[in-house]
Amino acid sequence: MVVPATATRAAPPTRAEAISPDRVAPSLDDPVLRSGSEVLGGPAGRRRASATGWWTPLRVLLALATVVLALGVLERADCRENAWSRDDGQQFVHACYSDIPHMYRERGFAEGAIPYVDTGDWQALEYPVLSGLVMWVSAEFTSLIADGTADARAVRYYDVNAVLLGLAGLALVATTMLLAGRRRPWDAALVAASPLLALHGTINWDLIAVALATGALLAWARRRPGWCGVLLGLGVAAKLYPVVLLLPLALVCIRARRWRPLIWTVATTAATWLAVNLPVMLAAPEGWRAFYEFNADRGADFGSFWYVLDQNGHGVGSLDVVSTALMIAAFAAIAVLAFLAPQPPRLMQLAFLTVAAFLIFNKVWSPQYALWLLPLAALARPRWRDLTIWQAGEVIYFFAVWYYLLGGFDRGLPIDAYGVTVGLRLVCLLWLVAVVVRDVLRPACDPVRADGVEDDPAAGWAATAPAVRPEPTEVAPVGAPA
C-alpha cells in the first residue's frame with residue numbers, strides 16, 4: 001500500500017526549530033520535558049500556537065505558583081488546627097512546623113511589644129531590622145482583625161504572614177521570569193512548580209529577602225544600579241545572605257571593565273542598609289545588636305555538616321575562623337573560575353555558586369535556606385533533571401530534620417540516620433554545583449548559551465556579544481544527557 005505523503009512521520013525537530021528567535025519551546029529544548037510530553041501527545045510541533053491572549057506565560061506561571069503556595073499552607077493544616085501549641089511533637093510528626101506562630105508568642109508580639117525596643121520576659125529578637133519590622137507590622141494588623149486567646153491570634157498571625165509571603169513568592173516567580181529573558185520565560189516554571197516553594201515558603205520570612213534579592217538582580221539586568229542597590233540593601237536588612245551577591249556582580253564588572261555601575265550599586269546598597277538600621281541602632285542599640293551577637297555566639301547548628309561532626313564527637317575548634325576561612329577560599333575559587341573561563345560566566349551562574357558556597361560552609365543550614373538558591377539555580381542551570389536531583393535532597397532533608405527533632409520526645413531519627421540525610425542533601429547540591437561549573441568551563445553545554453543567539457540576559461552592563469558556535473544540531477534523543 002502506498003502511504004500518502006501527508007501521513008508520513010515528520011522528521012525530529014532540529015534545535016534551531018526548538019529554539020526560535022522569539023521563544024524557547026520547553027518540550028523541545030529540555031530532554032526531560034520532551035520525554036514527559038509524550039503522555040500529552042508529544043512535544044510542541046512546528047505549527048504550535050504562541051502564548052497569546054489572556055493566558056500569557058506570566059499569568060500561567062503566577063497561577064501555577066498560587067496553587068503550589070496554597071498547597072504549602074494546606075500541608076500545615078494539622079498544626080494550624082492546634083495553633084502550633086501541642087507539646088507532644090505532633091508538629092514534627094506531620095512536618096508542619098513553622099517559626100511564625102512561635103515567634104508571635106515567644107518574642108512579645110502577642111503582648112504588643114515593639115521589637116528591639118521593649119524588653120520583658122520574652123527572648124530578644126534575633127532577626128535583622130527589616131524582618132523585625134515585618135513581624136511587628138503583621139502583629140499590629142493581626143490585633144486589628146483578631147481577638148481571643150493568644151493561640152487563636154497566633155493562627156491569625158500565621159494567616160496574615162502566609163498571605164504576605166505568598167505575595168513575595170509571586171513576585172519571586174515574576175522577577176525570575178523577567179530575568180530569564182524574553183526567549184526563555186518558561187524557565188521560571190522551575191520556581192513556580194517547585195516543591196520547595198510549598199514546603200519551605202511559610203517556615204520563616206525568608207521569601208521576603210529572596211524576592212528582594214532577585215528583584216535587585218533584575219534591576220541590574222535592566223541597568224538600574226540605583227534600584228539594584230536599594231533592593232539589595234533592603235534584602236540585607238531582612239536577611240544577611242544577599243550581601244554575598246555583591247561578589248558575582250563585582251566579578252562580571254571586573255571582567256567586563258565596567259566600574260561605575262558596580263561602585264554605584266555598592267554605595268546605594270550600603271546607604272539603604274544604613275537608612276533602615278540607623279533608627280534602631282540609635283533608639284535600641286542592645287536590641288539591634290542581638291541579631292549579630294546571636295549569630296556570632298551560636299555554634300554548629302541544624303543542617304550543617306559541622307553539626308553532624310559535633311554530635312559525633314568530632315567538633316571543630318574555632319569554628320567561626322574555620323568556617324569563614326573555607327567560605328573565603330570558596331569565594332576565591334569562584335573568582336578564579338570567573339577569570340579563567342573561556343567566556344565570561346553568566347551572572348546567574350556566579351550568583352548560584354556564591355550562595356551555594358555560603359550555605360555549604362555556614363554554621364547553620366536551616367531547611368528554608370533552600371529558597372535562597374531556588375531562583376538562582378533555575379536561572380543558572382534551567383534543566384529539570386538537574387534541578388530535580390538537587391531538590392530531591394532538599395525534600396528528603398525537610399522531612400528528616402523534623403523526625404530528628406522528635407528525639408526530644410523519645411522517638412525519631414537517630415543522629416547517624418540524620419547525618420546521612422545531611423550528607424545526601426550536600427551531595428545533591430554539589431551535583432548541581434559541578435554541572436554549573438562544567439557549563440562555565442564549556443559554554444556549549446550551557447542551555448542558555450548553547451543556541452548562540454543570546455549571551456546573558458541578566459548581565460546588564462557586563463553583557464557581551466554571543467560567541468561564534470557550531471551550527472545547531474538536532475535535539476538530543478529522549479533519554480540522552482542534557
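Author: Start with the axes. They are lines fitted to C-alpha atoms, for helices over the stretch in contact, and angles run from 0 to 180 degrees between N-to-C directions. Helices (H or I, at least four residues) are DSSP runs, numbered from the N terminus. This is a predicted model: local features need pLDDT of at least 70, side-chain atom pairs count only at pLDDT 80 or more, and totals for chains, interfaces and linings use all residues. Residues are numbered from 1 along each chain as its sequence is written, and side-chain values use heavy atoms, without hydrogens and water.

Reader: At what angle do helix 21 and helix 22 pack?

Author: Two packed helices are described by the angle between their axes and the distance between the axes. For helix 21 (residues 384-405) and helix 22 (residues 415-441), the angle is about 160 degrees and the axes are 9 Å apart. The pair is therefore roughly antiparallel (angles over 145 degrees). Their crossing is left-handed: the near helix is turned anticlockwise from the far one by less than a right angle, and clockwise would be right-handed.

Reader: Is the crossing of helix 4 and helix 9 left-handed or right-handed?

Author: Right-handed. Helix 4 (residues 57-74) and helix 9 (residues 150-180) pack at about 150 degrees, with axes 10 Å apart. Among the contact residues are L61 and L69 of helix 4 and G166 and G169 of helix 9. The contact has 13 nonpolar, 3 polar and no charged residues.

Reader: How many cavities of 30 Å³ or more are there?

Author: Rolling a probe the size of a water molecule over the atoms shows where empty space is left. On a 1 Å grid over the protein atoms alone, a cavity is a set of points where a 1.4 Å probe fits but cannot get out, and a pocket is an open set with protein on both sides within 12 Å along at least five of seven lines; lining residues have an atom within 4 Å of a point. Grid points are joined across faces, edges and corners, and a volume is the space filled by probe spheres set on the points. The count is 5 cavities.

Reader: What volume does the largest pocket have?

Author: About 990 Å³. Of its 35 lining residues, F294, R298, V364, S366 and Y369 are the closest to its centre.

Definitions and conventions. Helices (H or I, at least four residues) and strands (E, at least two) are DSSP runs, numbered from the N terminus. Angles under 35 degrees count as roughly parallel, over 145 as roughly antiparallel, 65 to 115 as roughly perpendicular and the rest as oblique. Contact means heavy atoms within 4.5 Å. Ala, Val, Leu, Ile, Met, Phe, Trp, Tyr, Cys and Pro count as nonpolar, Asp, Glu, Lys and Arg as charged, and the others, Gly among them, as polar.
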